[in-house]
Amino acid sequence: MQLFFRQAGQQTSRPIVWLIGFFAFLNVYSMQAVLPLVMQDFHASPVQAGLTVGATVLAVALVSPFMGMLSDAFGRKVIICASLFALTVPTALIPVAGSLNALIFLRFLQGLAVPGIVVVLIAYLSEEFHSGGVARMTATYVGGTVMGGFCGRFITGHAGHLLGWRGAFVTLALLNLFGALLVLWLLPPSRYFVANRNIRAGFGTLWRHLHHKRLMAACAVGFCVLFSLVGTFTYVNLHLASSPFNLSSAGLANVFSVYLVGVLATPLAGPYVVRFGFLRSLLGALALSAAGLSLTLLPSLTAVIIGLTVCSTGVFICQSATLSAIAQNVSEGRSLATGIYYMSYYAGGAAGSLLAGMAYEGWGWGGSVLSIALMQALAAVIAAVAWRQPAQSGG
């Protein structure tokens, strides 16, 4: 195994990138599969239970820009590995949470560790690979995040069915520790990283990024994209746990198998993003996702599963296209730029956990679907306006 991973070259680096994405997202959405159990245990409303998801993504949003600056100063590998180890601690404490507020707080702490992985890795890829290689490696990373997101939900759902939701998080804590040790061993150090510890220069770069129109458009699209994903996969669980579906936590975990389609589709989408361009790829993926979302309104479990498959695949391709666009359009302070993007991206996830939940409480699953569809339409408009013209110097 060591020879396979340690060899130089783009192809042999892909498994490492995939693993980092996997372990980063093993935890972020794991609560979704056991949300009905948490609601029952703490007598919580849908929106209150949804905060156990929203707290994590909100923490990611708040820390992401600062983690970019920290990484620009101290390097990529040290931040990635330290963050993976830090993620293990709150995960191990979740099983002993005595109240819903304590659980939400620990989920928030989990989110604080995630930007050191996801933000810094994108900067690492931007520095270590060039041209079409960035898009392909980004697609590999997104494929790992998709598989991690699926496994987090799948493992938690089935372990929760057998051991309760607390026992499920003991399992995740052990997996987190294993992942941190594995990445520490396998990830090669940066070859092209140049430290920048000038704080004033960092704020100057931040100012330029905030006036970079195409970067800001990518951030706005990212907000809409994660709003869609979190809103869909948080509250569809409550929809499927109620009549006429009445699925158990294990059944809900099985529904998340639709993520496996994303695992296959996202890496394959990398070359097409390069071929057709970021804008056309994004608009096509948004249309695909909206079509799948509409199928989930039918009172058929088969139709809901097919709809979720199509919807999630479209969202994953959107993320791959948007991250690739940032890598290609930003030439300085890449880690900071990625941090700004993830701040907006995960703020969208936090908003989705709240607003789609309010829509669910008011109008059921149809209300959640409408709020998500409107956000996808907004993403399409923003991208069409901002990315239609060729990039110009300065944004």
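**Notes on the predicted model**

1. Valine 310 is part of helix H14, which covers residues 301-329. The model is a predicted one. With a relative accessibility of 24%, valine 310 falls in the partly exposed class, because that class begins where buried, under 20%, ends.

2. Leaving aside residues up to four places away in sequence, valine 310 is in contact with Leu288, Ser289 and Gly292. Tyrosine 259 is 51 residues from valine 310 in sequence, and their C-alpha atoms are 9.8 Å apart.

3. The aromatic pairs number 13. One of them, tryptophan 18 with phenylalanine 22, is stacked, at 5.5 Å between centres and 15° between planes. Both residues sit in helix H2 (residues 10-24), and their spacing of 4 residues puts them about one helical turn apart. Tryptophan 18 is partly exposed at 27% relative accessible area, whereas phenylalanine 22 is buried at 13%.

4. Tyrosine 235 and tyrosine 360 also make a stacked pair, with 6.0 Å between centres and 25° between planes. This pair joins distant parts of the chain, 125 residues apart: tyrosine 235 is in helix H10 (residues 213-241) and tyrosine 360 in helix H15 (residues 334-363). Both tyrosine 235 and tyrosine 360 are buried.

5. Which residues do ring pairs link into a cluster? They are Trp18, Phe22, Phe23 and Phe178.

Methods:
Residues numbered from 1 in each chain as written. Predicted model: local features only at pLDDT ≥ 70, side-chain atom pairs only at ≥ 80, totals over all residues. Heavy atoms only, no water. Helix = DSSP H or I, 4+ residues; strand = E, 2+ residues; numbered from the N terminus. Buried < 20%, exposed > 50% of the residue type's maximum accessible area, 1.4 Å probe, protein only. Contact = heavy atoms within 4.5 Å. Phe/Tyr/Trp six-rings, centres within 6.5 Å; stacked < 30°, edge-to-face > 60°.
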